[in-house]
Amino acid sequence: MKNVAVILAGSGVYDGSEINEAILTLLHIAKNGATYQCFAPDIEQLHTINHLTGEVMPDKRNVLTEAARIARGDIKSLLELDVTQFDALIVPGGFGAAKNLCDFAIKGVKANINKDVLNACKSFAKENKPAGYMCIAPALIPFIYDNAVLTIGNDTETAQALSTLGAKHINCAVDDVVIDQPNKLVTTPAYMLAQSIIEADAGIEKLVSSVLSIN
């Protein structure tokens, strides 16, 4: 039975992990007969967004504490992630991936990645273990892999920024994935393109099954 590490970035599409993407990821891991453990960095998130109005709120929230909402409390600090205990890594999207795990949403090509996120993700790359990134989470990939092939869907500006950072972007339909076989890396657009949970599910299901099938 394969065991998958899942890195979350908070709770909520505008300031954390996209909840549908996170839950669909966990569901398909389980439906494929694998197990998972959720992790998140124990840091303050960039800001808190009122998901009803889209306005910034004065609240200061913690990424790990917020992500625990999605994981029903079964989550660990990213510092506890031991790559030797896992067969693969998956990172759902949501703006938190580009605001909390890194600052791509703010700085674009001048972005930096959180050092603990970098260490955790690079540990899977160094061990040549499969990894999946969805939605905007592939913005992390240029910091982790050299010359990676990836997708965020077909957004020209975002694709160009990732190309500038050293990745090769491939346009991809919402229900498909891009597989970088040498890096054992799988990406899918998810809600970068999806107009419904059904559309998001199609690509996420394929991403999870692809990650678990890579040897």
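Which residues does Gly 10 touch, not counting residues up to four places away in sequence? The legends below describe close-up views of a predicted model.

View A. Not counting residues up to four places away in sequence, Gly 10 touches Gly 16, Ser 17, Val 63, Glu 66, Ala 67 and Ile 70. Glu 66 is 56 residues from Gly 10 along the chain, yet the two C-alpha atoms are separated by 4.9 Å. Gly 10 counts as buried because its relative accessible area is 0%, which is under the 20% cut-off.

**View B. Thr 158 in helix 7 (residues 156-164).** With residues up to four places away in sequence left out, Thr 158 touches Phe 104, Ile 136, Ile 152 and Met 192. The relative accessible area of Thr 158 is 14%, so this residue is buried.

**View C. Asn 128, a residue other than glycine with a positive phi.** Most residues other than glycine have a negative phi. In Asn 128 the angle is near 55°. The residue sits in the loop that runs between helix 5 (115-126) and strand 7 (131-134). Asn 128 is classed as partly exposed because its relative accessibility is 38%, a value between the 20% and 50% limits.

**View D. Ala 190, not a glycine but with a positive phi.** Phi of Ala 190 is about 50°. Ala 190 belongs to the loop between strand 11 (185-188) and helix 8 (197-213). Its relative accessibility is 0%, so Ala 190 counts as buried.

Definitions and conventions: Residues numbered from 1 in each chain as written. Predicted model: local features only at pLDDT ≥ 70, side-chain atom pairs only at ≥ 80, totals over all residues. Heavy atoms only, no water. Helix = DSSP H or I, 4+ residues; strand = E, 2+ residues; numbered from the N terminus. Buried < 20%, exposed > 50% of the residue type's maximum accessible area, 1.4 Å probe, protein only. Contact = heavy atoms within 4.5 Å.
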